[in-house]
Amino acid sequence: METVSATFLSILVFAIAGIVFFVFLLFAAASYSENEARAMRRSLFLALVAPVVVLSLNLLPPAIQVPLTYGFLISIVLGGSSLLVPFHSQKTFSEPLPSGKIDERDIMFSRRLLQPGTERYEQYYAQKPQFKIIDDQFRKNPGLLGEGSTFYKPLSFSAAEASFDTISGLHHLVEKEPVSETRLAYTAEEYTAFLKGWIKKLGAHSVGIAELKPYHIYSHVGRGPDFGKKVELSHRFAIALTVEMDKHSLDSAPYAPVVMESAQQYVNAGVIAIQATEFIRKLGYEARAHIDGNYRVVCPLVARDAGLGTIGRMGLLMTPRLGPRVRIAVVTTNLPLIPDPPFEDFTVHTFCLRCKKCADVCPSRAISFDPPTEINGVKRWQISQEKCFTYWTVCGTDCGRCVSVCPYSHPDNFLHNLVRKGLRQSSQFQVLALKMDDFFYGRKPLPKGQSENYVR
Ligand code: SF4
Ligand code: SF4
């Protein structure tokens, strides 16, 4: 009987060693394919060392071998069950539903365009004197894509500028006549299914529909010839779409490739939105595209209400499969559509409460380490847009360090989606996953690749 149980224990030890070896080897292979050198080195090391440690249990006297072997087994089972069994010890908090509208003139992208000495500049700061000192400070810096900025690279910056110019060239297409006088006899369900499928085919990673609410709409225009005008937008629905930002380019953040990638994805999202509006007009309904530099709606709020994600610690849309590694565009319309249910997985909030990785790496300290605070009756995080943007005007790029290090930003593949599933399932797994992320990728991962060369 003793021999049987000793044989069983020995087989168990071999089985555990085999599982450990294959799990770490699989992770090493995935890390290699994702260009994650640190994670690959560490998992290869563990693939070699951990099974040897487990196998050495067979050399121990039974009095030590038995409890240690079962201890290993129980750890594996508990680790696995924390991935599978739903359990959340922490309460989530309510999503922000702003009570008022945001004035586009107050956001940094609008304030940066105010030219000292102009009437617009004088009028704006007469009304908002609290912003004048800090804004005049960032005007002394080289500026976004400015020569003399810390990460200035002539080729990459020119390429990014070319993309931003391209998208400016699309602005005249966002809202135009005529709308076709013929309307086809399709149902809202049919329009919705067709549009969603087509927008994805055009390159969007996700697409959702929300009913347009007053708090989605800016109160006043902050950029372009309509500066200062009240925003009038009577459309009933908003189609939000996301496009993926390339992980490899983002991993170089805050160096030059990141701003090239941001600019490129603004173009890609914008082109899809313009195509969708052209299509809707041909169906006989009004439509307006909301693209970089020409928004009338607050895209992250629309995307959240269209079921595409939630808002995390860094104040950006956190999508289920790419985290914050997306760019958004919106189409508003009166075409009959079926809205999506709102996003209801708030486990991102509980993970953000623990994680704080974005706050740790933020060079401008714009992201809070604190729990969310109550603003207008709702709990939410708010970054300091002034600190963030001022850093951009020093470094010359749009930084992106926060997006790059976020554990939700890992590639959209089986392995990382398994981790994302675990994060949704349980608090225990969230603790484990954060420790693993720090161990394999680093608490403050260094930027990868500073060269001007965009192509890997
Ligand atoms: S880095 Fe961490 S804290 Fe920041 S948004 Fe991502 S998950 Fe939340
Ligand atoms: S973009 Fe950079 S500066 Fe701005 S919040 Fe993110 S990490 Fe901070």
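Student: What makes a residue part of the shell around ligand 2?
Tutor: The model is predicted, and the test is a heavy atom within 4 Å of the molecule. The residues around ligand 2 are Cys362, Pro363, Ser364, Ile367, Cys388, Tyr391, Trp392, Asp398, Cys399, Gly400, Arg401 and Cys402.

Student: Which helix gives the largest share of that shell?
Tutor: α14 does, with 3 residues. Both α14 (385-395) and α15 (401-405) supply at least two residues each.

Student: Why is Val66 called partly exposed?
Tutor: Its relative accessibility is 33%. Buried means under 20% and exposed means over 50%, with partly exposed in between. Val66 therefore counts as partly exposed.

Student: What does Val66 belong to on the surface?
Tutor: Val66 forms a nonpolar patch with Phe8, Tyr70, Ile74 and Leu78, and together they have about 460 Å² of accessible area. Val66 lies in helix α3, and this helix (residues 62-84) gives the most to the patch, with 4 residues.

Student: How do you know that β3 and β6 are paired strands?
Tutor: Pairing needs at least two bridges. Strand β3 and strand β6 (residues 326-333) have 4, in the antiparallel sense, so the two strands count as paired. Arg288 stands opposite Thr332 in β6.

Student: Which way do the residues of β3 point?
Tutor: In strand β3 (residues 287-290), Ala287 and Ala289 point one way, Arg288 and His290 point the other way, and all are buried. In a regular strand, side chains alternate between the two faces of the sheet.

How values were computed: Residues are numbered from 1 along each chain as its sequence is written. Chains are lettered from A and ligands numbered from 1 in the order in which they are written. This is a predicted model: local features need pLDDT of at least 70, side-chain atom pairs count only at pLDDT 80 or more; totals for chains, interfaces and linings use all residues. Side-chain values use heavy atoms; hydrogens and water are left out. Patches are made of residues with over 30% relative accessible area and no salt bridge: like charges are joined within 9 Å, nonpolar side chains (Val, Leu, Ile, Met, Phe, Trp, Tyr) within 5 Å. Accessible areas come from the Shrake-Rupley method with a 1.4 Å probe; for residues, only the protein chains shown count as cover. A salt bridge is a side-chain nitrogen of Lys or Arg within 4 Å of a carboxyl oxygen of Asp or Glu. Buried means under 20% relative accessible area, exposed over 50%, partly exposed in between (1.4 Å probe, protein chains only).
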